[in-house]
Amino acid sequence: MKCVISVLGKDRSGIVAAIATALADCGANIDDISQTILDDIFSMTMLTTLDTEKADFNTMQERLAKISDDLGMQIIIQREDVFQYMYKI
């Protein structure tokens, strides 16, 4: 299952590592990634493929919610089809 993960918050070390580790632990793959830092604001968007036999969407969402709380950042995961539909004109 393809998913889009969006991350936004104050820049600090370990953001990418925490998210990439959680994805790897759940058998997910990072297909594409874009990140930028504006002043001290970190922004990242990832396109991932979840291995739903290892961890389903809800499990991944719960893992990312914990990381969001731990880092004090906004982390949102959406199914790619839902994401594409939301931005269709």
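## Helices and strands

The protein has three helices and four strands, and from the N terminus on they run β-α-β-β-α-β-α. Helices (H or I, at least four residues) and strands (E, at least two) are DSSP runs, numbered from the N terminus.

Keep in mind that this is a predicted model: local features need pLDDT of at least 70, side-chain atom pairs count only at pLDDT 80 or more, and totals for chains, interfaces and linings use all residues. Residues are numbered from 1 along each chain as its sequence is written, and side-chain values use heavy atoms, with hydrogens and water left out.

## Overall size

Along its principal axes, the C-alpha trace spans about 35 × 35 × 20 Å. Of the 89 residues, 30% are buried, meaning under 20% relative accessible area with a 1.4 Å probe and protein chains only.

Now for contacts (heavy atoms within 4.5 Å). Among those between residues at least 6 apart in sequence, 66% join residues at least 24 apart.

## A loop residue

Asp39 lies in the loop between β2 (29-38) and β3 (41-49). This residue isn't a glycine, yet Asp39 has a positive phi of about 60°. Asp39 counts as exposed because its relative accessibility is 78%, and exposed means over 50%.

## Around the rings

What does the charged end of Arg79 sit over? That would be the ring of Phe57, 3.9 Å from its centre. For a charge to count as over a ring, NZ of Lys or CZ of Arg must be within 6 Å of the ring centre and within 35 degrees of the ring normal.
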